[in-house]
Amino acid sequence: MVDNAKLKDVAKEVISREDVRLLIGYRPGTYGFRARPAFVENSDQVDELIFSPACVSNLSSYLTLEEKTPLPRGVEPDLRKVAVMVKGCDSRALVQQLVEKAYDREHILVLGIPCRGVVDMAKVENRFPGVISGEIAMEGDNLVFSFDGKEETVPKEELLAEKCKRCRYPTPLISDLLLDDEVERFADDDYSDITAMEGKSTEEKWAFWEEQFSRCIRCYSCRNVCPMCYCEDCVLDRLKPVWARRSVDISENTVYHISRAYHLAGRCIQCGECERVCPVDIPLMLLNRKFYRDVEELYDYEPGIKVEEKPLLSTFSVDDKEDFIL
Amino acid sequence: MNGRPKIGVYICHCGINIAHTVDVDEVVKFASTLPDVIVARDYRYMCSDPGQALIVEDINNMGLNRVVVASCSPRMHEPTFRKTLITAGLNPYFLEMANIREQCSWVHEDKIAGTEKAKRLVESAVVKVRRLEPLEVKEVDVEPSALIIGAGIAGIQAALDIADAGFKVYLVEKTPSVGGHMAQLDKTFPTLDCSACILTPKMVDVANHPNIELLTYSQVEDISGYVGNFEVKVRKKSRFVDVDKCTGCGACAEVCRQAGRIPNEFDEGLGMRGAIYIPFPQAVPAKYTIDKENCLFLSRGKCGESPKCQEACEAGAINFELQDEIVEFKVGTIIVATGFDIFDARKKPEYAYGVYDNVVNALEFERLVSASGPTGGNVVIPQRGKKKKKKEDEEELGPVIPKNITFIQCVGSRDKSVGNEYCSRVCCMYTAKQAHLVKDKIPDAEITIFYMDVRAFGKGYEEFYDRVRREGIRYIRGNPSEIFKRGDKLVVKAEDTLTATPLEHETDMVVLSVGLEPRSDRREIIDILKLSSSPDLFYLEAHPKLRPVDTATDGIFLAGCCQGPKDIPDAVGQAKGAASAAMILLASGKVKVEAQTSVVDEATCRGCGFCVEVCPYSAIELVEINRAGWPVMVARVNEALCKGCGACSAACLSGSIQQRSFRDTQILPQIEVLGVK
């Protein structure tokens, strides 16, 4: 696990650099065991930085979320680097963003965190209800929870986020400074749940997704948190033409989710943020992983692995499989 | 075009092609009720002069500003009706066609349902036509020169025609000499004139023609640009011989330490050459080339005390320091004439090609029977791939003359098991010719030909086939299943399918009439020019009947066997066709560029470059713009290059790149009409 003292030292050094304007990391949250993003602009603010299994969010989204407000005439844009802390999974978002030329490589400074997994906060809150303030640490294969002056140890398997149990890339695939020793791959995705879903009849599948999508309240959290959804002007928001209406009903919700899944085909890097933030618990990764698996099997392609790679859906080879075309 | 759309709808009967399954009257009635439709009419043949006159009259008298024609596919007649609109003074892009023939009447039987569908198609065209915008057709100048890739008979003929018309031609050939496969042939069917005798004058012509720049031993590396303005980069491989100094005397080849040790490609490996060589005596240009893989000095850095060739060359032409040279030039049009490969008979292991010396392929046989070939035209069993026998043995035995020769047709053609379903079109005739030549040279030889069908379709072909049969050559209808050795004879196992008799046929030599295949290096040109292939993997023409020499890319044409197997007359005919197509562009000097191009909304483009990658015409690039003070990258379309294929708009996630006349706002209402009701 990353040593938090070392983390702060590195952060102090980085934010003091002339060519760095902002450092995005984690700090303790305001409730329970949670952690939240920290935006560090000067070295005084580094003391609050942490990394722990509570640091679930994918900070790479902030690189593309940051609004470029119009500059008054004569004002030069601040093009200094933004430093960002990323886990293995999050780092793939940076890679894919670079593949898609979302920004220049020289405009970011990557602080890589080799990661042994983060918790599923919902499971943690179930296990320790009503805790106002606490911390989580990882020791070997256990999670250590400290709160109200006591410590409790739980095998990590019980409370780990589902995505971590399928994680193929625990060590960041891109980094300028690696904050800890590399972590070997300790898990893989066997897609068993996808296979089970594929085995169902069309009617069963439709019934399943109809129920899921009918609960969607169209809060757009899944889109907003997604590191790969960063169009300045999302087609699903457009009024001319209207691809999906604003109305919250099964038909429009379905259009919304299917469009999003298609737009992520060959691009989704499996950070699982969409599913994590969904307030009505729609299993969105079931859709995204189905595409991920198809892309992997059909084209031998995993997005977010190599910066030099061309985006899957903008390349063509005559040997591409096309037997799925009706 | 201001004010409300005033739409005219014109519904064609196409004789009974449409009227048979679509109630045209009902569609007319329906169309007249649609919003903004001022007039709806039908006519027996809308594309005829009176049909078009109807439209022009209505535009003039009723002030129509939009036209829908419900007839056939736009592929044939969209240009016709665009011209009609121009005649009436309307922008030609205010036209929308509803395809109620190919997509309706031809594919349906039920008249009631067919009529309903036709109504929907018409309505969808009406909702689109109201949203169309006027577009401007631009013209660009054409560079008055042509590039021809491949200098076989097709490339040579096309080059001569274009050059004779007064345009500059760059003729690029990969090998050291022009001539291609035709130069390897002995006699040509059905007239039996000597291939070299009719070809070499043309070879000399291309070398001497003032308008032709001949680039042999050269390869096209890159082509960018578009019709009228292609930029070409050619690599002139180093021959290590200064072609300006080389006199072609051949003194170098005689002294080469590798002389007689390297299989000569021109003789299909049956003859030998040295590391410095000329492929054949009539090669054009008559300049020597050093094969750097086999040259001792170039591959090992040492050739005895010093390279003998250099000493022998009085002209001082040999220079081991010579490097590849890159030549760049602009052309207006391109003809691809890259030819074919012969089928590799090793893919049919049952015929034991490559196992027995006396099983040869037809091109090898062509070299054996040729007076300029390695045996001086004596048909003997070739000794190859083996160490030279002791001299005494050879003297004792002498060359073995086969007295019984068997030909097998359709090797690698009409054969699904090797992936070639097509007929190679030349094998029946060249087999008959080769059989005839054997009869000429070894009068007492027994000759048998195994065949599936004999296809003697050309002028004088059937007559020639008849003549050969009368010469006592035995045709057995059957596809042999195996060739094996028994004693010093080969045995061909087959079934005579006319008498249903299995047979074992003993013979001295088997000639496999191998078919023609797409070149193994065909991808090089595909990658450079983005050509398409047909299922047989030959390059695809734009239309199998009406545009047989065009490709899908404007300004790029096909000639010869790269488009499909052809005999010499057909290859020459197609070459002349391609040359004439190229000359239309060159002579007019102007070319119209697509108006339905893509356009980028720079305010929403996120500069991901997906469109840049998918564009088959390299028409899009990323450029930096200033967006409210921030430098951002966005896509930009070069409208001269854009062909309006729409690949970019399909790839764009944010819908920021749209194709004119096919914008989302124009197509979605169509889909709504077709799908929602």
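Visitor: How many of the residues of α4(B) are buried?

Guide: In this predicted model, 14 of the 19 residues of α4(B) are buried, so the helix is mostly covered. A residue counts as buried if 20 or more other C-beta atoms lie within 10 Å of its own.

Visitor: Where does α4 lie in chain B, and what span does it reach?

Guide: Helix α4 covers residues 111–129 of chain B. From first C-alpha to last, α4(B) reaches 26 Å, close to the 27 Å expected at 1.5 Å a residue.

Visitor: What share of chain B as a whole is buried?

Guide: Of the 677 residues in chain B, 46% are buried. The secondary structure of the chain comes to 18 helices and 34 strands, and its C-alpha trace spans about 100 × 70 × 45 Å along the principal axes. Among contacts in chain B with a separation of 6 or more, 70% are between residues 24 or more positions apart.

Visitor: How should I read a pair of packed helices?

Guide: Two packed helices are described by the angle between their axes and the distance between the axes. Take helix α10 (residues 362–369) and helix α12 (residues 427–441), both of chain B: they pack at an angle of about 30°, with axes 11 Å apart. That angle makes α10(B) roughly parallel to α12(B), because angles under 35 degrees count as roughly parallel. The crossing of α10(B) past α12(B) is left-handed.

Visitor: Which residues of α10(B) and α12(B) meet?

Guide: From α10(B) come Ala362(B), Phe365(B) and Val369(B); they meet Tyr430(B), Gln434(B), Leu437(B) and Lys441(B) of α12(B). By class, the residues of this contact are five nonpolar, one polar and one charged.

Visitor: At what angle do α5(B) and α6(B) cross?

Guide: Helix α5 (residues 153–164) and helix α6 (residues 195–208) of chain B cross at roughly 50°, and their axes come within 10 Å. That makes α5(B) oblique to α6(B). The crossing of α5(B) past α6(B) is left-handed. On the α5(B) side the contact is made by Ile153(B), Ile156(B), Ala159(B) and Leu160(B); on the α6(B) side, by Leu199(B), Lys202(B), Met203(B), Asp205(B) and Val206(B). This contact of α5(B) with α6(B) has seven nonpolar, no polar and two charged residues.

Visitor: And between chains, how many residues are in contact?

Guide: The size of an interface is often given as the accessible area lost when the parts come together. Here the account is by residues: 20 of chain A are in contact with 20 of chain B. The side of chain A that touches chain B has nine nonpolar, three polar and eight charged residues.

Definitions and conventions
Residues numbered from 1 in each chain as written. Chains lettered and ligands numbered in written order. Predicted model: local features only at pLDDT ≥ 70, side-chain atom pairs only at ≥ 80, totals over all residues. Axes fitted to C-alpha atoms, helices over the stretch in contact; angles between N-to-C directions. Helix = DSSP H or I, 4+ residues; strand = E, 2+ residues; numbered from the N terminus. Parallel < 35°, antiparallel > 145°, perpendicular 65-115°, else oblique. Left-handed = near helix turned anticlockwise from the far one by under 90°. Contact = placed C-beta atoms within 7 Å. Nonpolar A, V, L, I, M, F, W, Y, C, P; charged D, E, K, R; others polar. Expected span 1.5 Å × (residues − 1). Buried ≥ 20, exposed ≤ 12 C-beta atoms within 10 Å, placed from the backbone.
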